[in-house]
Amino acid sequence: MTPVFPIDASRLLPQQEPFRFVDKVTSFTEERTCTTFEVKESPITDGGEMSAGAIVEHMAQSCAARTGYICVYILHIPVSIGYIGQVRDLEIRRFPKLGEELRTEVDFVQEVFGISLCRVSVYCGDELVARGTLKTALKDD
């Protein structure tokens, strides 16, 4: 089955509402995956804005959406559970507000033994609001 973009991220992520911080996968290549998310009231928003933790979780779930896409559409296996292994060079320029839509680009750098290294950039419109490098690890079965 060839997917039609955008893809509902609930099919690709183990997290579900209110802890899912990716709405859609808008594109996929082996090098780059793009996602969107509309900032909603959730357990980790604070005063009408995403908290730093919510931004990092959104970034990690955007990385996980790439893995979920590979599981569902390429390997045809169940979605794998993953963990944040490391966050480096995190820069949060501002905290997105309720109702804003994030557009996130995950640039795949490397994978070794189930550990992926990705550079993640988060935008509101054309404005870069956060970026960083994440290592994520898949749960051993």
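## Salt bridges

K40 is partly exposed in this predicted model. Its relative accessible area is 29%. K40 forms a salt bridge with D23, with the closest N and O atoms 3.0 Å apart. K40 sits in the loop between β3 (32-38) and β4 (45-46), and D23 in the loop between β1 (7-8) and β2 (24-28), so the pair ties together parts that are 17 residues apart in sequence. D23 is buried, at 18% relative accessible area; the cut-off for buried is under 20%.

E105 pairs with R32 in another salt bridge, the closest N and O atoms being 3.6 Å apart. This pair links distant parts of the chain: strand β7 holds E105, strand β3 holds R32, and they are 73 residues apart. E105 counts as buried, at 14% relative accessibility. R32 is partly exposed, at 34%. Both residues belong to a network of salt bridges that links R32, R103, E105 and D107.

E100 and R94 also meet through their side chains in a salt bridge, 3.0 Å from N to O. E100 is partly exposed, with a relative accessible area of 23%. R94 is partly exposed too, with 21%. The structure holds ten salt bridges.

## Nonpolar cores

The largest nonpolar core has 18 residues. Within this core, M50, L102, V120 and V122 touch the most other members. At least two core residues come from each of α1, β7 (101-112), β8 (115-124) and β9 (127-138). Helix α1 gives the most, with five residues. A second, separate core has eleven residues, among them L13, F28, Y69 and Y73. In soluble globular proteins, nonpolar side chains tend to be buried together.

V120 has contacts well along the chain. Leaving out residues up to four places away in sequence, V120 touches M59, C63, T104, E105, V106, A130, R131, G132 and L134.

## Q61 in helix α1

Q61 lies in helix α1 (residues 52-75). Q61 is buried, with a relative accessible area of 1%. A polar atom of the Q61 side chain lies 2.9 Å from the backbone oxygen of F19. Beyond four places in sequence, Q61 touches L13, Q15, F19, R20, F21 and V22. One of these, L13, is included in the second core.

## Surface patch

I74, L75 and I77 form a nonpolar patch on the surface. Together they have about 270 Å² of accessible area.

Note on methods
Residues numbered from 1 in each chain as written. Predicted model: local features only at pLDDT ≥ 70, side-chain atom pairs only at ≥ 80, totals over all residues. Heavy atoms only, no water. Helix = DSSP H or I, 4+ residues; strand = E, 2+ residues; numbered from the N terminus. Buried < 20%, exposed > 50% of the residue type's maximum accessible area, 1.4 Å probe, protein only. Polar contact = N/O pair within 3.5 Å; in protein donor to acceptor, adjacent residues only side chain to side chain. Contact = heavy atoms within 4.5 Å. Patch = residues over 30% accessible without salt bridge, like charges linked within 9 Å, V, L, I, M, F, W, Y side chains within 5 Å. Areas by Shrake-Rupley, 256 points an atom, 1.4 Å probe, with all protein chains shown as cover. Salt bridge = Lys/Arg side-chain N within 4 Å of Asp/Glu carboxyl O. Core = buried A, V, L, I, M, F, W, Y, C linked by side-chain atoms within 4.5 Å.
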